[in-house]
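Colleague: I would like to learn how to read the features of a protein model, step by step. Could we go through one together?

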Amino acid sequence: MRVRVGRRAIDISNPDKVLFARAGFTKSDVVEYYRRVAPTMLPYVRGRPVTLHRYPDGIDAAGFYQKEAADYFPSWVRTQRVTKEGGSLSMVIVNDAATLVYLAGQAMITPHVWLSRVDRMRNPDRMIIDLDPSDDAFEAVRQAAKWVRARLEELGLVSFVMTTGSSGLHVVVPLKRTASFETVRRFARRVADELSEEHPAVLTTEQHKAKRRTRVYLDTLRNAYAQTAVAPYALRARPDGPVATPLAWNELDQHDMSPTRYTLQTVLERLEAIGDPWTGIGRRARSIAGAQRKLGDR
């Protein structure tokens, strides 16, 4: 199977191979999804090192995470050498639709991206608070997201919300690239700690699952150099092919909202109907310095 994307002709091997057994989605379905969603998705992945979550034998078999670009990737797939503890590695940068489609053809189900871009890798332009439930009670996650948003607004920051396609929500804050990862992570942790102290029956920052009981875990650990988060509009390796989907805040109140509501089959229809709720997210970026001062005055 050959797919043309712009001026690239990309050969896809085994296009009829089933990658999602329960839903019946094949590799060609995954390729076509990423081809169609690329115009919307690219602003959220462009310029960021990507870790590939690949499932060559389908999601019911063991997958693997791939950080280093393979030697056989085409020369037009952009890469960036990044430093890591004890050395460096060459990571893929998804700057165009052809690269996204090529990686889908390599059975990449989910791209996970850095919170910084390659031209300033140690200064994030995103802060993420990951709301991870201890059970299937989504109402607590929904309430947690609203509390996080309200606190960030008090501190002068604009936040956005996204289903993860897994079990929870991400609250995402666009930032001006003036602070280090260490500064951002420390700030996010303090916000999470304060909220957990105010709502101890519902929220926790306890890393150990056994100690969380039924509470929602406010995870701020992604806010560090070389850490990643699932990209907006990425597929997830779960039975029905859910998609990490940006939402408008008022959508959280819909009775049928869930972390896995939108799938490979439905998210494109959603985009055609209402567009992308996160359009222009970068224009809402704020410096974290003012928020730090307000937090310090509390």
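Predicted model: local features only at pLDDT ≥ 70, side-chain atom pairs only at ≥ 80, totals over all residues.

Colleague: How do strands β1 and β2 pair, and over how many bridges?

Modeller: In general, the strands of a sheet pair through backbone hydrogen bonds, either parallel or antiparallel. Helices (H or I, at least four residues) and strands (E, at least two) are DSSP runs numbered from the N terminus, and two strands pair if DSSP finds at least two bridges between them. Here β1 (residues 2-5) and β2 (residues 8-11) are antiparallel partners over four bridges, and Val5 has Arg8 in β2 as its bridge partner. Two residues lie between the strands of this hairpin, where Gly6 takes a positive phi near 60 degrees.

Colleague: In what order do the six strands of the open sheet lie?

Modeller: The order is β13-β14-β10-β12-β11-β16, and the pairing is mixed. Its edge strands, each pairing on one side only, are β13 (203-204) and β16 (246-247). Strand β11 (residues 160-163) runs antiparallel to β16 and is joined to β16 by two bridges, with Met162 standing opposite Pro246 in β16. Helix α4 (residues 181-198) packs on the sheet and touches β10, β13 and β14 (contact means heavy atoms within 4.5 Å), and its direction makes about 35 degrees with that of β10.

Colleague: At roughly what angle do the axes of α1 and α6 cross?

Modeller: Two packed helices are described by the angle between their axes and the distance between the axes. Axes are lines fitted to C-alpha atoms, for helices over the stretch in contact, and angles run from 0 to 180 degrees between N-to-C directions. The axes of α1 (residues 27-45) and α6 (residues 267-274) cross at roughly 30 degrees and come within 11 Å. Tyr33, Arg36, Val37 and Thr40 in α1 meet Val267, Leu268, Leu271 and Glu272 in α6. The residues of this contact of α1 with α6 are five nonpolar, one polar and two charged, where Ala, Val, Leu, Ile, Met, Phe, Trp, Tyr, Cys and Pro count as nonpolar, Asp, Glu, Lys and Arg as charged, and the others, Gly among them, as polar.

Colleague: Which residues lie nearest the centre of the largest pocket?

Modeller: On a 1 Å grid over the protein atoms alone, a cavity is a set of points where a 1.4 Å probe fits but cannot get out, whereas a pocket is an open set with protein on both sides within 12 Å along at least five of seven lines, and lining residues have an atom within 4 Å of a point. Grid points are joined across faces, edges and corners, and a volume is the space filled by probe spheres set on the points. The largest pocket holds about 480 Å³ of space, and of its 24 lining residues, Tyr65, His112, Arg222, Val230 and Arg236 lie nearest its centre. That lining has six nonpolar, eleven polar and seven charged residues.

Colleague: How much space lies in the largest cavity?

Modeller: The largest cavity has about 150 Å³ of space, and the count comes to one cavity of 30 Å³ or more. Val113, Arg126, Ile128, Val172 and Pro232 lie nearest its centre among 15 lining residues, and the lining of the largest cavity divides into twelve nonpolar, one polar and two charged.

How values were computed
Residues numbered from 1 in each chain as written. Heavy atoms only, no water.
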